[in-house]
Amino acid sequence: MNDFIFHNPDKVYFGKNQLEHLSEELLKFGKKVLLVYGGGSIKKNGLYDSIVTIAKNSDIELFELSGVEPNPRHSTVNKGAAICKKENISVVLAAGGGSTIDCAKGIAAAALTENADVWPLVSNGVWVTEALPVVAILTNAATGSEMDAWSVISNMDTNEKIGLGGTALIPRVAFENPEYSYTLPSYQTACGAFDIFNHILDNYYLAGEATFDLLLEMQEAVMRTVVKWTPVAMKEPENYEARANLMWASSMALNSILDGGTVHGCACHFMEHELSAYYDITHGHGLAIVTPRWLTYILDEATAPAIYRLGVKVFGIPENLSAMDGAKKAIEAVTDFCFNTLGLQPNLSDLGIDEKHFKVMAEHACAAGSITGPKELTPADVEEIFKMCL
Ligand code: NZQ
Ligand code: ZN
(Lines give C-alpha, C1' and ligand atoms only; values in the text may rest on other atoms or scores of the structure.)
(Ligands and ions follow the chains in the order given, each with its own letter.)
Protein backbone atom coordinates (compact mmCIF):
# COMPACT_ATOMS: atom_id res chain seq x y z
CA MET A 1 0.00 0.00 0.00
CA ASN A 2 1.37 3.41 -0.99
CA ASP A 3 1.02 6.68 0.92
CA PHE A 4 -1.86 8.84 -0.26
CA ILE A 5 -3.80 12.04 0.27
CA PHE A 6 -7.58 11.88 0.12
CA HIS A 7 -9.39 15.13 -0.60
CA ASN A 8 -12.68 15.36 -2.46
CA PRO A 9 -14.47 18.65 -1.87
CA ASP A 10 -17.63 17.69 -3.82
CA LYS A 11 -20.81 18.08 -1.75
CA VAL A 12 -23.34 15.45 -2.86
CA TYR A 13 -27.09 15.71 -2.41
CA PHE A 14 -28.34 12.17 -3.01
CA GLY A 15 -31.99 11.17 -3.29
CA LYS A 16 -35.46 12.13 -4.40
CA ASN A 17 -36.09 15.55 -2.92
CA GLN A 18 -32.73 17.22 -3.00
CA LEU A 19 -33.19 19.66 -5.85
CA GLU A 20 -34.82 22.03 -3.40
CA HIS A 21 -31.23 22.86 -2.40
CA LEU A 22 -30.21 23.83 -5.93
CA SER A 23 -30.82 27.57 -5.70
CA GLU A 24 -29.10 27.97 -2.34
CA GLU A 25 -26.03 26.15 -3.71
CA LEU A 26 -25.94 28.09 -7.00
CA LEU A 27 -26.37 31.44 -5.28
CA LYS A 28 -23.23 30.79 -3.23
CA PHE A 29 -21.35 31.40 -6.49
CA GLY A 30 -23.51 34.13 -8.02
CA LYS A 31 -26.70 34.79 -9.93
CA LYS A 32 -25.55 34.19 -13.49
CA VAL A 33 -25.77 30.50 -14.33
CA LEU A 34 -24.90 28.73 -17.58
CA LEU A 35 -27.10 25.62 -17.87
CA VAL A 36 -25.40 22.98 -20.03
CA TYR A 37 -27.32 19.95 -21.34
CA GLY A 38 -27.39 17.42 -24.15
CA GLY A 39 -29.83 16.39 -26.82
CA GLY A 40 -33.03 16.85 -24.87
CA SER A 41 -33.41 13.95 -22.42
CA ILE A 42 -33.75 16.46 -19.56
CA LYS A 43 -36.74 18.01 -21.32
CA LYS A 44 -38.44 14.62 -21.54
CA ASN A 45 -37.93 13.64 -17.91
CA GLY A 46 -38.98 16.98 -16.41
CA LEU A 47 -35.59 18.01 -15.07
CA TYR A 48 -35.30 20.99 -17.42
CA ASP A 49 -38.65 22.42 -16.28
CA SER A 50 -37.69 21.96 -12.62
CA ILE A 51 -34.43 23.86 -13.13
CA VAL A 52 -36.12 26.71 -14.98
CA THR A 53 -38.78 27.04 -12.28
CA ILE A 54 -36.19 27.01 -9.49
CA ALA A 55 -34.15 29.68 -11.29
CA LYS A 56 -37.21 31.87 -11.85
CA ASN A 57 -38.25 31.64 -8.22
CA SER A 58 -34.77 32.49 -6.98
CA ASP A 59 -33.94 35.42 -9.19
CA ILE A 60 -31.24 33.42 -10.95
CA GLU A 61 -30.38 34.52 -14.48
CA LEU A 62 -30.19 31.38 -16.61
CA PHE A 63 -28.19 31.14 -19.85
CA GLU A 64 -28.19 27.94 -21.90
CA LEU A 65 -25.90 25.76 -23.96
CA SER A 66 -27.78 22.75 -25.33
CA GLY A 67 -26.86 19.99 -27.77
CA VAL A 68 -23.79 18.61 -26.02
CA GLU A 69 -22.87 15.47 -27.95
CA PRO A 70 -22.16 12.07 -26.43
CA ASN A 71 -18.34 12.19 -26.63
CA PRO A 72 -18.43 15.99 -26.24
CA ARG A 73 -16.58 18.04 -28.83
CA HIS A 74 -14.04 20.74 -28.09
CA SER A 75 -15.98 23.06 -30.41
CA THR A 76 -19.08 22.75 -28.21
CA VAL A 77 -17.01 23.41 -25.11
CA ASN A 78 -15.68 26.55 -26.75
CA LYS A 79 -19.20 27.80 -27.50
CA GLY A 80 -20.00 27.52 -23.80
CA ALA A 81 -16.76 29.23 -22.79
CA ALA A 82 -17.58 32.14 -25.11
CA ILE A 83 -20.97 32.56 -23.42
CA CYS A 84 -19.26 32.58 -20.02
CA LYS A 85 -16.89 35.34 -21.09
CA LYS A 86 -19.56 37.44 -22.78
CA GLU A 87 -22.13 37.15 -20.01
CA ASN A 88 -19.78 37.08 -17.06
CA ILE A 89 -21.17 33.75 -15.87
CA SER A 90 -20.57 32.88 -12.23
CA VAL A 91 -21.25 29.12 -12.22
CA VAL A 92 -21.67 26.35 -14.81
CA LEU A 93 -24.57 23.99 -14.14
CA ALA A 94 -24.48 20.64 -15.95
CA ALA A 95 -27.65 18.55 -16.20
CA GLY A 96 -27.15 15.19 -17.85
CA GLY A 97 -24.71 12.31 -18.21
CA GLY A 98 -20.94 12.25 -18.26
CA SER A 99 -20.69 14.01 -21.61
CA THR A 100 -22.65 17.01 -20.38
CA ILE A 101 -20.74 17.20 -17.11
CA ASP A 102 -17.41 16.84 -18.93
CA CYS A 103 -18.42 19.58 -21.34
CA ALA A 104 -19.35 21.85 -18.41
CA LYS A 105 -15.95 21.21 -16.82
CA GLY A 106 -14.17 22.05 -20.07
CA ILE A 107 -16.21 25.24 -20.31
CA ALA A 108 -15.38 26.16 -16.72
CA ALA A 109 -11.66 25.79 -17.42
CA ALA A 110 -11.59 27.44 -20.86
CA ALA A 111 -13.68 30.40 -19.67
CA LEU A 112 -10.77 31.60 -17.54
CA THR A 113 -8.24 31.49 -20.39
CA GLU A 114 -7.54 34.38 -22.70
CA ASN A 115 -8.90 32.82 -25.89
CA ALA A 116 -11.65 30.74 -24.27
CA ASP A 117 -10.28 27.73 -26.17
CA VAL A 118 -10.20 24.41 -24.35
CA TRP A 119 -8.09 22.50 -26.85
CA PRO A 120 -4.67 23.92 -25.90
CA LEU A 121 -5.41 22.92 -22.29
CA VAL A 122 -6.40 19.40 -23.37
CA SER A 123 -3.64 18.78 -25.89
CA ASN A 124 -0.90 20.18 -23.64
CA GLY A 125 -2.03 18.07 -20.68
CA VAL A 126 -2.48 21.14 -18.46
CA TRP A 127 -3.52 20.29 -14.87
CA VAL A 128 -6.36 22.72 -14.24
CA THR A 129 -6.15 24.56 -10.94
CA GLU A 130 -8.39 27.50 -11.82
CA ALA A 131 -11.87 27.25 -13.29
CA LEU A 132 -15.37 28.55 -12.79
CA PRO A 133 -17.30 26.47 -10.26
CA VAL A 134 -19.23 23.52 -11.70
CA VAL A 135 -22.46 22.14 -10.24
CA ALA A 136 -23.65 18.81 -11.67
CA ILE A 137 -27.08 17.18 -11.79
CA LEU A 138 -26.49 13.57 -12.81
CA THR A 139 -28.93 11.63 -15.00
CA ASN A 140 -26.80 8.64 -16.03
CA ALA A 141 -24.92 6.30 -13.70
CA ALA A 142 -21.69 5.75 -15.57
CA THR A 143 -18.62 7.93 -15.72
CA GLY A 144 -18.07 9.21 -12.20
CA SER A 145 -17.64 12.70 -13.66
CA GLU A 146 -20.09 13.98 -11.05
CA MET A 147 -17.41 13.48 -8.39
CA ASP A 148 -14.09 13.33 -10.17
CA ALA A 149 -11.40 15.65 -11.46
CA TRP A 150 -11.61 14.65 -15.12
CA SER A 151 -13.26 15.83 -18.29
CA VAL A 152 -12.87 13.84 -21.50
CA ILE A 153 -13.02 15.99 -24.62
CA SER A 154 -13.03 14.90 -28.28
CA ASN A 155 -11.57 16.68 -31.27
CA MET A 156 -13.07 14.98 -34.30
CA ASP A 157 -10.91 17.04 -36.68
CA THR A 158 -7.83 15.25 -35.39
CA ASN A 159 -9.44 12.00 -34.13
CA GLU A 160 -8.30 12.70 -30.60
CA LYS A 161 -10.17 12.03 -27.37
CA ILE A 162 -8.18 13.12 -24.35
CA GLY A 163 -8.75 13.59 -20.62
CA LEU A 164 -8.35 17.06 -19.15
CA GLY A 165 -7.71 16.83 -15.43
CA GLY A 166 -7.43 19.18 -12.51
CA THR A 167 -8.51 19.79 -8.95
CA ALA A 168 -10.53 22.80 -10.10
CA LEU A 169 -12.67 20.52 -12.28
CA ILE A 170 -14.18 18.55 -9.41
CA PRO A 171 -17.81 19.68 -9.19
CA ARG A 172 -18.39 21.81 -6.10
CA VAL A 173 -21.83 20.26 -5.68
CA ALA A 174 -23.54 17.25 -7.26
CA PHE A 175 -27.20 16.30 -7.22
CA GLU A 176 -27.89 12.60 -7.66
CA ASN A 177 -31.54 11.66 -7.92
CA PRO A 178 -31.83 8.08 -9.19
CA GLU A 179 -35.31 8.90 -10.49
CA TYR A 180 -33.74 11.06 -13.20
CA SER A 181 -32.17 7.91 -14.63
CA TYR A 182 -35.52 6.08 -15.01
CA THR A 183 -35.78 7.29 -18.61
CA LEU A 184 -32.42 5.84 -19.65
CA PRO A 185 -32.76 3.34 -22.49
CA SER A 186 -31.67 -0.19 -21.64
CA TYR A 187 -28.63 0.14 -23.94
CA GLN A 188 -27.35 3.26 -22.12
CA THR A 189 -28.01 1.60 -18.77
CA ALA A 190 -25.87 -1.36 -19.86
CA CYS A 191 -23.09 0.81 -21.28
CA GLY A 192 -23.01 3.05 -18.20
CA ALA A 193 -22.93 0.06 -15.88
CA PHE A 194 -20.01 -1.52 -17.67
CA ASP A 195 -18.15 1.78 -17.53
CA ILE A 196 -18.53 1.77 -13.71
CA PHE A 197 -17.35 -1.85 -13.51
CA ASN A 198 -14.37 -1.13 -15.71
CA HIS A 199 -13.31 1.98 -13.81
CA ILE A 200 -12.47 -0.26 -10.90
CA LEU A 201 -11.14 -3.26 -12.80
CA ASP A 202 -9.03 -1.22 -15.19
CA ASN A 203 -7.88 1.59 -12.92
CA TYR A 204 -6.96 -0.08 -9.69
CA TYR A 205 -8.13 -3.64 -9.19
CA LEU A 206 -5.78 -5.36 -11.59
CA ALA A 207 -3.35 -2.51 -12.00
CA GLY A 208 -0.49 -3.53 -9.79
CA GLU A 209 0.84 -4.83 -6.53
CA ALA A 210 0.19 -1.87 -4.26
CA THR A 211 -3.24 -2.94 -3.09
CA PHE A 212 -4.51 -3.29 0.41
CA ASP A 213 -7.20 -5.54 1.69
CA LEU A 214 -9.78 -2.97 2.79
CA LEU A 215 -9.72 -1.37 -0.64
CA LEU A 216 -9.82 -4.66 -2.54
CA GLU A 217 -12.92 -5.66 -0.58
CA MET A 218 -14.58 -2.29 -1.25
CA GLN A 219 -13.70 -2.38 -4.94
CA GLU A 220 -15.19 -5.86 -5.21
CA ALA A 221 -18.35 -4.71 -3.42
CA VAL A 222 -18.86 -1.97 -6.01
CA MET A 223 -18.27 -4.37 -8.92
CA ARG A 224 -20.69 -6.90 -7.32
CA THR A 225 -23.25 -4.11 -7.03
CA VAL A 226 -23.00 -3.46 -10.75
CA VAL A 227 -23.32 -7.18 -11.56
CA LYS A 228 -26.33 -7.53 -9.25
CA TRP A 229 -28.33 -4.41 -10.03
CA THR A 230 -27.76 -3.72 -13.73
CA PRO A 231 -30.00 -6.54 -15.00
CA VAL A 232 -32.68 -5.34 -12.58
CA ALA A 233 -32.46 -1.75 -13.85
CA MET A 234 -32.55 -2.96 -17.46
CA LYS A 235 -35.69 -5.03 -16.80
CA GLU A 236 -37.40 -2.57 -14.46
CA PRO A 237 -36.20 0.93 -15.44
CA GLU A 238 -38.14 2.50 -12.56
CA ASN A 239 -36.74 0.29 -9.83
CA TYR A 240 -35.42 2.93 -7.39
CA GLU A 241 -33.19 0.52 -5.48
CA ALA A 242 -31.47 -0.60 -8.67
CA ARG A 243 -31.02 2.92 -10.03
CA ALA A 244 -29.81 4.21 -6.65
CA ASN A 245 -27.25 1.44 -6.25
CA LEU A 246 -25.89 2.07 -9.74
CA MET A 247 -25.79 5.83 -9.30
CA TRP A 248 -23.80 5.72 -6.08
CA ALA A 249 -21.58 3.00 -7.55
CA SER A 250 -20.81 5.41 -10.42
CA SER A 251 -19.60 8.04 -7.97
CA MET A 252 -17.75 5.62 -5.71
CA ALA A 253 -15.80 4.11 -8.58
CA LEU A 254 -13.95 7.32 -9.39
CA ASN A 255 -14.30 9.72 -6.47
CA SER A 256 -10.86 8.53 -5.33
CA ILE A 257 -12.02 6.73 -2.18
CA LEU A 258 -11.23 3.43 -3.87
CA ASP A 259 -7.84 4.36 -5.24
CA GLY A 260 -6.03 5.55 -2.11
CA GLY A 261 -2.73 3.72 -1.94
CA THR A 262 -3.17 1.86 -5.21
CA VAL A 263 -1.26 1.75 -8.48
CA HIS A 264 -3.10 2.99 -11.54
CA GLY A 265 -3.48 1.23 -14.87
CA CYS A 266 -6.25 2.12 -17.32
CA ALA A 267 -5.33 -0.01 -20.35
CA CYS A 268 -8.91 -0.61 -21.51
CA HIS A 269 -9.70 3.09 -21.22
CA PHE A 270 -6.69 4.09 -23.31
CA MET A 271 -7.74 1.60 -25.97
CA GLU A 272 -11.43 2.53 -25.88
CA HIS A 273 -10.78 6.24 -26.16
CA GLU A 274 -9.11 5.52 -29.51
CA LEU A 275 -12.21 3.65 -30.67
CA SER A 276 -14.56 6.48 -29.75
CA ALA A 277 -12.15 9.10 -31.13
CA TYR A 278 -12.16 7.39 -34.52
CA TYR A 279 -15.64 5.91 -34.65
CA ASP A 280 -17.70 7.94 -32.15
CA ILE A 281 -18.98 4.79 -30.44
CA THR A 282 -20.54 4.65 -26.96
CA HIS A 283 -17.77 4.54 -24.37
CA GLY A 284 -19.17 1.73 -22.20
CA HIS A 285 -19.86 -0.46 -25.22
CA GLY A 286 -16.31 -0.03 -26.47
CA LEU A 287 -15.03 -1.00 -23.02
CA ALA A 288 -17.22 -4.12 -22.97
CA ILE A 289 -15.79 -5.23 -26.31
CA VAL A 290 -12.18 -4.60 -25.29
CA THR A 291 -12.14 -5.85 -21.69
CA PRO A 292 -12.60 -9.64 -22.15
CA ARG A 293 -10.03 -9.60 -24.97
CA TRP A 294 -7.58 -7.63 -22.85
CA LEU A 295 -8.02 -10.07 -19.95
CA THR A 296 -7.39 -12.99 -22.31
CA TYR A 297 -4.31 -11.28 -23.74
CA ILE A 298 -2.71 -10.48 -20.38
CA LEU A 299 -3.46 -13.85 -18.79
CA ASP A 300 -0.30 -15.65 -17.68
CA GLU A 301 1.11 -17.24 -14.52
CA ALA A 302 1.71 -13.81 -12.97
CA THR A 303 -1.73 -12.32 -13.63
CA ALA A 304 -3.83 -15.47 -13.13
CA PRO A 305 -4.26 -15.24 -9.31
CA ALA A 306 -5.68 -11.68 -9.42
CA ILE A 307 -8.00 -12.49 -12.33
CA TYR A 308 -9.14 -15.64 -10.51
CA ARG A 309 -9.85 -13.59 -7.38
CA LEU A 310 -12.11 -11.32 -9.45
CA GLY A 311 -14.05 -14.40 -10.58
CA VAL A 312 -14.44 -15.70 -7.04
CA LYS A 313 -15.30 -12.44 -5.32
CA VAL A 314 -17.42 -10.76 -7.98
CA PHE A 315 -18.93 -13.61 -10.00
CA GLY A 316 -19.01 -16.38 -7.36
CA ILE A 317 -17.00 -18.99 -9.28
CA PRO A 318 -15.66 -21.95 -7.24
CA GLU A 319 -12.58 -21.46 -5.06
CA ASN A 320 -11.05 -24.91 -5.59
CA LEU A 321 -9.54 -24.46 -9.05
CA SER A 322 -5.97 -23.89 -10.09
CA ALA A 323 -5.14 -20.21 -10.58
CA MET A 324 -5.01 -20.62 -14.35
CA ASP A 325 -8.28 -22.57 -14.65
CA GLY A 326 -9.96 -20.16 -12.24
CA ALA A 327 -8.75 -17.16 -14.21
CA LYS A 328 -10.13 -18.65 -17.43
CA LYS A 329 -13.49 -19.15 -15.72
CA ALA A 330 -13.36 -15.55 -14.48
CA ILE A 331 -12.81 -14.30 -18.03
CA GLU A 332 -15.76 -16.43 -19.18
CA ALA A 333 -17.87 -14.79 -16.47
CA VAL A 334 -16.86 -11.27 -17.56
CA THR A 335 -17.58 -12.21 -21.19
CA ASP A 336 -20.99 -13.60 -20.27
CA PHE A 337 -21.80 -10.45 -18.29
CA CYS A 338 -20.89 -8.15 -21.18
CA PHE A 339 -22.55 -9.94 -24.05
CA ASN A 340 -25.36 -12.01 -22.50
CA THR A 341 -26.45 -10.19 -19.34
CA LEU A 342 -25.89 -6.70 -20.74
CA GLY A 343 -26.74 -7.82 -24.27
CA LEU A 344 -24.01 -5.72 -25.90
CA GLN A 345 -22.82 -6.69 -29.36
CA PRO A 346 -19.48 -8.43 -28.90
CA ASN A 347 -17.42 -7.42 -31.91
CA LEU A 348 -16.02 -4.24 -33.38
CA SER A 349 -17.19 -5.48 -36.79
CA ASP A 350 -20.76 -5.38 -35.40
CA LEU A 351 -20.22 -1.61 -35.12
CA GLY A 352 -18.84 -1.35 -38.64
CA ILE A 353 -15.22 -1.06 -37.49
CA ASP A 354 -12.38 -2.71 -39.41
CA GLU A 355 -8.64 -2.75 -38.88
CA LYS A 356 -7.85 0.20 -41.14
CA HIS A 357 -6.71 2.55 -38.37
CA PHE A 358 -5.58 0.02 -35.75
CA LYS A 359 -1.86 0.68 -36.15
CA VAL A 360 -2.06 4.42 -35.67
CA MET A 361 -4.70 4.03 -32.94
CA ALA A 362 -2.40 1.63 -31.08
CA GLU A 363 0.50 4.04 -31.32
CA HIS A 364 -1.65 6.85 -30.06
CA ALA A 365 -3.02 4.75 -27.18
CA CYS A 366 0.61 4.22 -26.18
CA ALA A 367 1.48 7.91 -26.45
CA ALA A 368 3.72 7.52 -23.40
CA GLY A 369 5.60 4.66 -25.14
CA SER A 370 3.60 1.89 -23.54
CA ILE A 371 0.57 1.34 -21.31
CA THR A 372 1.32 0.25 -17.77
CA GLY A 373 -0.85 -2.11 -15.73
CA PRO A 374 -0.78 -5.78 -14.80
CA LYS A 375 1.10 -6.36 -18.05
CA GLU A 376 2.86 -3.59 -19.92
CA LEU A 377 1.43 -3.12 -23.40
CA THR A 378 3.39 -1.90 -26.40
CA PRO A 379 1.73 -0.56 -29.57
CA ALA A 380 2.10 -4.04 -31.13
CA ASP A 381 0.25 -5.58 -28.15
CA VAL A 382 -2.55 -3.02 -28.43
CA GLU A 383 -2.89 -3.62 -32.15
CA GLU A 384 -3.18 -7.33 -31.45
CA ILE A 385 -5.90 -6.74 -28.85
CA PHE A 386 -7.84 -4.57 -31.30
CA LYS A 387 -7.65 -7.42 -33.82
CA MET A 388 -8.98 -9.86 -31.22
CA CYS A 389 -12.01 -7.55 -30.89
CA LEU A 390 -12.95 -7.77 -34.56
O1 NZQ B 1 -27.88 14.10 -24.68
P2 NZQ B 1 -29.07 13.64 -23.93
O3 NZQ B 1 -30.34 13.96 -24.59
O4 NZQ B 1 -29.04 14.01 -22.48
O5 NZQ B 1 -29.05 12.01 -24.01
C6 NZQ B 1 -28.00 11.22 -23.48
C7 NZQ B 1 -27.08 10.63 -24.53
O8 NZQ B 1 -27.76 10.43 -25.74
C9 NZQ B 1 -28.62 9.98 -22.89
N10 NZQ B 1 -29.10 10.17 -21.51
C11 NZQ B 1 -28.41 10.58 -20.43
N12 NZQ B 1 -29.20 10.57 -19.35
C13 NZQ B 1 -30.43 10.15 -19.78
C14 NZQ B 1 -30.36 9.90 -21.16
N15 NZQ B 1 -31.42 9.49 -21.87
C16 NZQ B 1 -32.59 9.32 -21.22
N17 NZQ B 1 -32.71 9.51 -19.88
C18 NZQ B 1 -31.65 9.93 -19.12
N19 NZQ B 1 -31.79 10.08 -17.81
O20 NZQ B 1 -27.62 9.00 -22.90
C21 NZQ B 1 -26.75 9.25 -24.00
C22 NZQ B 1 -25.34 9.15 -23.52
O23 NZQ B 1 -25.05 10.19 -22.60
P24 NZQ B 1 -23.55 10.49 -22.18
O25 NZQ B 1 -23.55 11.64 -21.24
O26 NZQ B 1 -22.72 10.56 -23.41
O27 NZQ B 1 -23.17 9.13 -21.44
P28 NZQ B 1 -22.12 8.88 -20.31
O29 NZQ B 1 -22.64 9.34 -19.01
O30 NZQ B 1 -21.78 7.44 -20.43
O31 NZQ B 1 -20.84 9.77 -20.68
C32 NZQ B 1 -19.91 9.33 -21.63
C33 NZQ B 1 -18.76 10.32 -21.80
O34 NZQ B 1 -17.99 10.45 -20.58
C35 NZQ B 1 -16.61 10.12 -20.86
C36 NZQ B 1 -16.72 9.14 -21.99
O37 NZQ B 1 -15.51 8.93 -22.65
C38 NZQ B 1 -17.78 9.80 -22.84
O39 NZQ B 1 -17.24 10.86 -23.57
N40 NZQ B 1 -15.93 9.66 -19.63
C41 NZQ B 1 -15.72 10.58 -18.68
C42 NZQ B 1 -14.99 10.27 -17.54
C43 NZQ B 1 -14.72 11.28 -16.49
N44 NZQ B 1 -15.15 12.49 -16.63
O45 NZQ B 1 -14.05 10.97 -15.53
C46 NZQ B 1 -14.42 8.95 -17.31
C47 NZQ B 1 -14.98 7.90 -18.19
O48 NZQ B 1 -14.09 6.85 -18.25
C49 NZQ B 1 -15.31 8.37 -19.59
O50 NZQ B 1 -14.17 8.38 -20.41
ZN1 ZN C 1 -14.95 5.07 -18.40
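1. Let's start with ligand 1: 32 residues surround it, and the closest are Ser41, Gly98, Ser99, Asp148 and Lys161. Please keep in mind as you read that this is a predicted model.

2. Thr183 has a side-chain N or O atom 2.8 Å from a nitrogen atom of ligand 1. On the oxygen side, a side-chain N or O atom of His199 is 2.7 Å from an oxygen atom of ligand 1. Ser145 also takes part, with a polar side-chain atom 3.4 Å from a nitrogen atom of the ligand.

3. How much of ligand 1 does the protein bury? Taken alone, the ligand exposes 950 Å², and 89% of that is buried by the protein. Helix H5 (98–110), strand E6 (150–155), H7 and helix H10 (267–279) are the elements that give two or more residues to the shell around ligand 1.

4. Next comes the zinc ion (ligand 2). Its coordinating atoms come from Asp195 (OD), His199 (NE2), His269 (NE2) and His283 (NE2), at 1.9 to 2.2 Å. Along the chain, these donors follow the spacing D-x3-H-x69-H-x13-H. Asp195 belongs to helix H7 (residues 186–205) and His283 to helix H11 (residues 283–298), so the pair links distant parts of the chain, 88 residues apart. Both Asp195 and His283 are buried.

5. On to the rings: a search of the whole structure finds ten aromatic pairs. Why does the pair Tyr13 and Phe175 count as stacked? The ring centres are 4.9 Å apart and the planes lie at 5°, so the pair meets the stacking criterion, for which planes must be under 30 degrees apart. Because Tyr13 sits in strand E1 (residues 11–14) and Phe175 in strand E8 (residues 173–176), the pair ties together parts that are 162 residues apart in sequence. Tyr13 and Phe175 are both buried.

6. There is also an aromatic cluster, formed by Phe194, Phe197, Phe315 and Phe337.

7. Lys16 sits over the ring of Tyr240, 4.4 Å from its centre, while Lys43 sits over the ring of Tyr48, 4.6 Å from its centre.

How values were computed:
Residues are numbered from 1 along each chain as its sequence is written. Chains are lettered from A and ligands numbered from 1 in the order in which they are written. This is a predicted model: local features need pLDDT of at least 70, side-chain atom pairs count only at pLDDT 80 or more; totals for chains, interfaces and linings use all residues. Side-chain values use heavy atoms; hydrogens and water are left out. Donors are N, O and S atoms within 2.8 Å of the metal (3.2 Å for Na, K and Ca); water is not among the atoms, so sites may look incomplete. Helices (H or I, at least four residues) and strands (E, at least two) are DSSP runs, numbered from the N terminus. Buried means under 20% relative accessible area, exposed over 50%, partly exposed in between (1.4 Å probe, protein chains only). Rings of Phe, Tyr and Trp (its six-membered ring) pair if their centres lie within 6.5 Å; planes under 30 degrees apart count as stacked, over 60 as edge-to-face and the rest as tilted. A charge sits over a ring if NZ of Lys or CZ of Arg is within 6 Å of the ring centre and within 35 degrees of the ring normal. A residue is near a molecule or strand if one of its heavy atoms lies within 4 Å of it. A polar contact is a pair of N or O atoms within 3.5 Å; within protein, one must be able to donate a hydrogen and the other to accept it, and residues adjacent in sequence count only if both atoms are side-chain atoms. Accessible areas come from the Shrake-Rupley method with a 1.4 Å probe; for residues, only the protein chains shown count as cover.
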